[in-house]
Amino acid sequence: MSLFDYKWVDARPYPDPIAHNTMAHLTINVGDQVATWLRAGNKYVEHIEVPMAHIAEWIVVNWWHLYHEADTVSGSSRSGFSSRHDLSYAGNGFVFPRVVFRPEGEHVVVSNERWYAKHAHIEFLLDGEQTVETVALQKELHDLVEDVINRLRDKNVNDVPWIEEWDIIKNKFDDDEKEFCRATAMLGLDPFDIEPALANQVTTVWNEAAPLIREELMLASDETSLGPTHEWLKESLASVSESRNTIWEEVKTAVRSRSLNSECPWEAGEKDARTVLRELGREPGPFSFDGEYAIHNIEMMSPSSRIEGCVGEDTPSCVIVSKRDTGKKFLLARALGHYIARIGNGPAILSKLRTPEQSRARSFAAELLAPSEWLRNKVGTQNDIEQDQIYDLAEQLGVSEFTVQWQIQNHEIARISPYPQW
């Protein structure tokens, strides 16, 4: 099923010929939900009547961001992220549902949320989420833009400013130019509107940074922090890359020999964590990085609020930001997760980004430090669990309550009661 299903309509006269000649009945499908299902007064409909040219223009202007600018899992999104990824910003006077496109590697997570447009007295009623392959999404959006352009030409509507930009995107980029557009989009910048000095800096950093981390370096920086973050990473990685740990080298070799890397990122991370425990001969339960399991680490401030540390070339040793004990423990587990997952040598970044690599490392850390099997045994046959029980489980494991809560919800171990029952 397509995300966008639309049918051209002959609309009432509208002063803008571009909008008037591209009016359509539009239905947006996100997974098994209809994002355009709405209530207007006492009337319920599953489509909206809007100019498709507004959507096409929004797609063209944000083409590179839609597939390359990842969001964060915690903290605020980068300035302007919503306007580049939330379809409701395409309205230009018309009301669109909040359909958000969040790229994650070779996929894009498309989600919509229920919301009430007060100025129009329209309420979109459904929530939904769907993961689509980036290539498939690019084709659908490409075809939509082409369809709108052909419609405008059939109606003899000329002087459409964004068509020239679309022609450049579609036909006039070589591989180096496409790489530059990807890099600038990851920084949240417009590749068509960037100062020459900043463009040179982007190119320099992209070429100097290790290929394994340069995309996350861009995603975790902005135009002011790119240079300092690049220098910080170089210095930090040099300070830990020589540190080695024999036991983790042996464990990594054993884990990688058994992994096919075919699972989705969070499943692969959990599988790696369970395999690590088996290789160490440990039952699921409390785990600490003491003694032979110690991971060399250096605490250092990061120049980017999105970066929490980095992991050395061929070692789990890492530089991390300062955190309380449970937070530090989770960062060390994430560093180990990156090291275990890496085939061959190479550095890694510990970031707040929503990317496949970070997802895999977070899932690894959660399963290593708060094993789902251990939690399931502790919870037993309870259907509901209260916050004070979560606190007790977190204390036993030496992790944050959030980690325990995440594992219980993600593995459907029990329902979590928001308040204690008196």
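Trainee: How many cavities of 30 Å³ or more does a search of the whole structure find?

Mentor: Two. Keep in mind that this is a predicted model. The largest cavity comes out at about 50 Å³.

Trainee: What makes a space a cavity?

Mentor: It's a cavity because a 1.4 Å probe fits there but cannot get out.

Trainee: Which residues lie nearest the centre of the largest cavity?

Mentor: Gly312, Glu313, Tyr339, Arg342 and Gly346, out of a lining of 14 residues. That lining splits into four nonpolar, six polar and four charged residues.

Trainee: Okay, on to salt bridges. Why is the contact between Arg102 and Asp71 called one?

Mentor: Set the distance against the cut-off. The N to O distance is 3.2 Å, and the rule asks for a side-chain nitrogen of Lys or Arg within 4 Å of a carboxyl oxygen of Asp or Glu, so this pair qualifies. Arg102 sits in strand E7, while Asp71 is in the loop between helices H3 and H4, so the bridge ties together parts 31 residues apart in sequence.

Trainee: Is Asp71 buried or exposed, and how do you know?

Mentor: Its relative accessibility is 2%. Buried means under 20%, so Asp71 is buried. Arg102 has 23%, so the label there is partly exposed.

Trainee: How do you know that Asp314 and Arg244 form a salt bridge?

Mentor: Their closest N and O atoms are 3.7 Å apart. That is within 4 Å, so the pair counts. Asp314 is in the loop between strands E13 and E14, and Arg244 in the loop between helices H10 and H11, 70 residues apart. Asp314, at 22%, is partly exposed.

Trainee: And what makes Glu308 and Lys323 a salt bridge?

Mentor: An N to O distance of 2.9 Å, so they also fall within 4 Å. Glu308 belongs to strand E13 and Lys323 to the loop between E14 and helix H13, so parts 15 residues apart in sequence are tied together. Now try the labels yourself: Glu308 has a relative accessible area of 9%, and Lys323 has 35%.

Trainee: Under 20% makes Glu308 buried. Lys323 falls between 20% and 50%, so it's partly exposed.

Mentor: Nice! The whole structure has 22 salt bridges. Some join up: Arg39, Arg114 and Glu123 are linked in a network.

Methods. Residues are numbered from 1 along each chain as its sequence is written. This is a predicted model: local features need pLDDT of at least 70, side-chain atom pairs count only at pLDDT 80 or more; totals for chains, interfaces and linings use all residues. Side-chain values use heavy atoms; hydrogens and water are left out. Helices (H or I, at least four residues) and strands (E, at least two) are DSSP runs, numbered from the N terminus. Buried means under 20% relative accessible area, exposed over 50%, partly exposed in between (1.4 Å probe, protein chains only). On a 1 Å grid over the protein atoms alone, a cavity is a set of points where a 1.4 Å probe fits but cannot get out, and a pocket is an open set with protein on both sides within 12 Å along at least five of seven lines; lining residues have an atom within 4 Å of a point. Grid points are joined across faces, edges and corners, and a volume is the space filled by probe spheres set on the points. Ala, Val, Leu, Ile, Met, Phe, Trp, Tyr, Cys and Pro count as nonpolar, Asp, Glu, Lys and Arg as charged, and the others, Gly among them, as polar.
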